[in-house]
Amino acid sequence: MSNVVIVGTQWGDEGKGKVVDLLSSSADLVVRFQGGNNAGHTLVVDGEETICHLIPSGILHDGKKCLIGNGVVVDPTVLLEEINTLREKGISVSPENLALSERAHLIMPYHNAVDLAREVAKGKDKIGTTGRGIGPCYEDKASRTGIRAIDLSEPETLEEKIKTNLKEKNFYLTKFLDANPLEFQPIYDNYLSMGEILRTYITDVSLEIDQAIRSGENILFEGAQGTHLDIDHGTYPFVTSSNPLSGAVCAGAGVGPDKLHHIIGIVKAYTTRVGAGPFITELLDDTGDYIQERGAEFGATTGRRRRCGWLDLVILRDSVRLNGLSSMSVTKLDVLTGLNTLKICVGYELQGKRVDSRPSSLKSLAQCSPIYEEMPGWEEDISQARKLNDLPKRAREYLNRIEELTEVPFSIISIGPGREQTIVLQDLF
Ligand code: GDP
Ligand code: IMO
Ligand code: MG
């Protein structure tokens, strides 16, 4: 029995979905523990693409149970749409293989409205959120006014909570954000009817996990977003509103830290970021365009073009420390094929001094410039490689250098979006 946590080490979109799908074959349970449908996790099996926003990326495997933990914020409309989309593809989704925590907070229409109107109000200072209501939902959770999945089965509680919340939200929307108010009845009717459908999926996820552990089953915990979007440790305020770190599994799924055996950090072979915020190794030149095009770097949730840059070891080393990584999986190594020279940012220069960890102050960060180490690139197509020795020497040297600088070994190398385009170096279960 072994339980594995998968986290993103950069600013999201590292390829977590692909690795979760791959490792799901060895797991019995796949569990999401934070974030919401701001996530977009892409799985490619036999050439067919599936994008999971809320449902754990283990769903394509028969006989696996997918759980949405209490730390996730759930938009029931999106959850039902995702269930239907999967069914249309011939994938069976039922309470047999999917469950939602009673304690998960629900994204309500006023959360989306506030998220969108606030971004408009911020103008050029906007965060570039996904507009899915994530921040406002977590705000209500923290201010103890949130509506939880369990409330869907108690019509009176639901009615009272929506009415109370709407009073405040409508005041804020109309008087401060200059947006339209929302009506009680359509929201209430809609959530009540969605509750009817979701009722059989709603359960105590922590208890299910405990049962699985007692039966000796393997569990895979699927992180969303990335370490540097973490609300505490990320590039605040250009972050999401949850903790994508490995430690968040405990609170977000209801499991003790002694039950986590291996933490794998997903590392894109270069760096990308969607939305606003600091990005020291960003490339605003032809090389950046080359990576963006070859990597098809468009957001899986919002379709926005992703900003691209060189691999940043400063943020990667921070991620090793913050998550306690046991191993790393590099993804999209194939995208770097054809570049003459590769650069790795090994430190930042700030006011004439070298810094090895990302400063907390955005002002200081804005004054940082990257210190690069250069390595020769490779020309060969590596997308068909299936073992380490199939990779050109220069690709192996690039990986060795990253291992040296992070002091963490690679366990998986991904060289294409397909499930089979993978080199597995270590069995994690
Ligand atoms: P996630 O949010 O971390 O799950 O990542 P996304 O799915 O948002 O973005 C990763 C993108 O890269 C998806 O389109 C994947 O299909 C694709 N991808 C994953 N691994 C590889 C790889 O090794 N090579 C290439 N070329 N594409 C990959
Ligand atoms: P996955 O799981 C990349 C970014 C948004 C924005 C910031 C805040 O696919 O890696 P939010 O809507 O969360 O309030 O937006 O966080 N962001 C992501 N970027 N991948 C994600 O998820 C993201 N989820 C949120 O672009 O900059
Ligand atoms: Mg994504």
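This is a predicted model: local features need pLDDT of at least 70, side-chain atom pairs count only at pLDDT 80 or more; totals for chains, interfaces and linings use all residues.

Visitor: Fine. How many residues surround ligand 2, and which are the closest?

Guide: There are 20 residues around ligand 2, and the closest are Asp13, Lys16, His41, Thr130 and Thr240. By class, that shell has seven nonpolar, 10 polar and three charged residues.

Visitor: What does the side chain of Thr240 do there, in terms of distance to ligand 2?

Guide: An N or O atom in the Thr240 side chain is 2.6 Å from an oxygen atom of ligand 2. Backbone atoms take part as well: a polar one of Gly40 is 2.9 Å from a ligand 2 oxygen, and a polar one of Val274 is 3.2 Å from a ligand 2 oxygen.

Visitor: And how much of the accessible area of ligand 2 does the protein cover?

Guide: On its own, ligand 2 has 550 Å² of accessible area, and the protein covers 97% of that. The space ligand 2 takes up is the largest pocket.

Visitor: New topic. Is the peptide bond from Tyr236 to Pro237 cis or trans?

Guide: That bond is cis, with omega near 5°. Pro237 is in the loop between β10 (219-222) and α8 (248-254).

Visitor: Why does Asp178 count as exposed?

Guide: Because its relative accessibility is 73%, and exposed means over 50%.

Visitor: What about Gln351: buried or exposed?

Guide: Gln351 counts as exposed, because its relative accessibility is 66%. Gln351 is not a glycine either, and its phi is positive, about 45°. Gln351 lies in the loop between β16 (341-350) and β17 (353-355).

Note on methods: Residues are numbered from 1 along each chain as its sequence is written. Chains are lettered from A and ligands numbered from 1 in the order in which they are written. Side-chain values use heavy atoms; hydrogens and water are left out. A residue is near a molecule or strand if one of its heavy atoms lies within 4 Å of it. A polar contact is a pair of N or O atoms within 3.5 Å; within protein, one must be able to donate a hydrogen and the other to accept it, and residues adjacent in sequence count only if both atoms are side-chain atoms. Accessible areas come from the Shrake-Rupley method with a 1.4 Å probe; for residues, only the protein chains shown count as cover. On a 1 Å grid over the protein atoms alone, a cavity is a set of points where a 1.4 Å probe fits but cannot get out, and a pocket is an open set with protein on both sides within 12 Å along at least five of seven lines; lining residues have an atom within 4 Å of a point. A molecule sits in a cavity or pocket if more than half of its atoms lie within 2 Å of its grid points. Ala, Val, Leu, Ile, Met, Phe, Trp, Tyr, Cys and Pro count as nonpolar, Asp, Glu, Lys and Arg as charged, and the others, Gly among them, as polar. Helices (H or I, at least four residues) and strands (E, at least two) are DSSP runs, numbered from the N terminus. Buried means under 20% relative accessible area, exposed over 50%, partly exposed in between (1.4 Å probe, protein chains only).
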